Amino acid sequence: MYTVDSCTGNLTPITPATVATGANAFGSEQMVVDPAGRFAYVANLMSNATDQATISMFTINSATGVLTPTTPATVPTGFFPQGIGIDPFGKFVYTANSDDNTVSMFTINSSTGILTPTMPASVAAGWSPLSVTVHPSGKFAYVANQDDGTVSMYTINSSSGILAPMSPVAVPTGSSPFGVTVDPSGKFAYVPNAYDVRNAVSQYTVDSVTGVLTPNTPSVVTAGNSPTSVAVDPSSKFAYVVNRLDNTVSMFTIDSNTGNLTANTPATIATEQQPFCIAVDPSGKFAYVVNENSASVSIYLLNKDGTLTAAGTAATGTAPVSVALTGTKQ
């Protein structure tokens, strides 16, 4: 846990510096913070106590940033949850369960932050779902399915949070999609395909009425080696792609009409070893990349032209794979 310097973006460890989760929280989208900055949730592949997959639940101290486990501290979810998502109104949480090909669905208690499974508690996804992303409107959800190279698409019941498959139920991507990022305007979506031989990021237009994703022309853009995570700045002008196997971040400008990505100059910036996930802070001034093999976070400043400038690093615990921020736009 860190505080963020609003001028430099530097990270300072909070006291205490860490809080316990369940076991094997692994995946680029394993932690989410609710939009109001009151609660945080971590998907655990297995819990320390029971070997059952769980979600750890925390309240956030608004003054210090410290995470405190709720009571109870966890809630069971589907098997091997490799991604977690939250709706923009802080009402619902979802996990993508890679070993039972489902999405678990929960409602959030607005006072305590505790999660309660919906009825039914899950909905079918594709093969080996890795992530869940909720559209900025709160109307739609998207799940990246690694083993069948698709994105499952759902509408969200605004009262219950239950997901209903769209028609069509899925859209193809490249090989091994790791996640879905919808830009803040809600018009475009991007999928990093980690093991695609083209090192491709798939790009889509979002139908504002139905939520259906339509591949752009061209349908993909080339990033670095093994793209695993995409972040878009709050203005929806720029996109950043983490490339796990060449230790870089690719930097792109977004065409406001088509959503197509065009490489910036320079096209990449270096990270430390095996970067996994990137997040842009809500103010749009800083970006953070967690480096799994370096046990660090790389810190960057966002420039007006969409390029990044390295601003230092901060140490983390062992093998960090996910980063989430609280805060408001400035």
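1. Contacts and overall fold. A contact here means heavy atoms within 4.5 Å. In this predicted model, residues 24 or more positions apart account for 45% of the chain's contacts with a separation of 6 or more. The chain has zero helices and 26 strands.

2. Dimensions. A compact globule of 330 residues would have a radius of gyration near 20 Å, and the chain's 18 Å agrees with that. The C-alpha trace spans about 50 × 50 × 35 Å along its principal axes.

3. Burial and surface. Of the 330 residues, 54% count as buried. The chain exposes about 13,300 Å². Carbon and sulfur atoms supply 55% of that area.

4. Strand S5 covers residues 54-60, and strand S6 covers residues 67-76. The two pair in the antiparallel sense over six bridges. Thr54 has Pro76 of S6 as its bridge partner. Six residues lie between the strands of this hairpin. Gly65 takes a positive phi there, near 85 degrees.

5. Thr70. This residue sits in strand S6. Is Thr70 buried or exposed? Its relative accessibility is 8%, and the cut-off for buried is under 20%, so Thr70 counts as buried. Leaving aside residues up to four places away in sequence, Thr70 touches Met57, Phe58, Thr59, Thr112 and Ile114.

6. Sheet S11-S12-S13-S14. Four strands form this open sheet in the order given, with antiparallel pairing. Strand S11 (129-134) and strand S14 (163-172) stand at the edges. Each has a single partner strand, so one side of each is left without a neighbour in the sheet. Neighbouring strands are turned by 20 degrees against each other on average, direction ignored.

7. The S13/S14 pair. Strand S13 runs over residues 150-156 and pairs with S14 in the antiparallel sense. The pairing has six bridges.

8. The largest nonpolar core. It has 15 residues. Which of them touch the most other members? They are Tyr142, Val151, Met153, Val180, Ala189 and Leu213. The elements giving two or more residues to this core are strand S12 (140-145), S13, S14, strand S16 (188-192) and strand S17 (200-206). S12 gives the most, with three residues.

9. Met153. Which residues does Met153 touch, not counting those up to four places away in sequence? The list is Ala141, Tyr142, Ala164, Pro165, Met166, Pro168, Val169, Ala170, Val171, Val212 and Leu213. Tyr142 and Leu213 are, like Met153, among the core residues that touch the most other members.

10. Sheet S19-S20-S21-S22. This is an open sheet of four strands in that order, with antiparallel pairing. Strand S19 (227-232) and strand S22 (261-270) are the edge strands. Each pairs on one side only. From one strand to the next, the twist averages 25 degrees.

11. The S21/S22 pair. Strand S21 (residues 248-254) and S22 pair in the antiparallel sense over six bridges. Where is the bridge partner of Ile254? It is Leu261, in S22.

Methods
Residues numbered from 1 in each chain as written. Predicted model: local features only at pLDDT ≥ 70, side-chain atom pairs only at ≥ 80, totals over all residues. Heavy atoms only, no water. Pairing = 2+ DSSP bridges. Axes fitted to C-alpha atoms, helices over the stretch in contact; angles between N-to-C directions. Core = buried A, V, L, I, M, F, W, Y, C linked by side-chain atoms within 4.5 Å. Buried < 20%, exposed > 50% of the residue type's maximum accessible area, 1.4 Å probe, protein only. Rg over C-alpha atoms; globule rule 2.2 N^0.38 Å. Areas by Shrake-Rupley, 256 points an atom, 1.4 Å probe, with all protein chains shown as cover.
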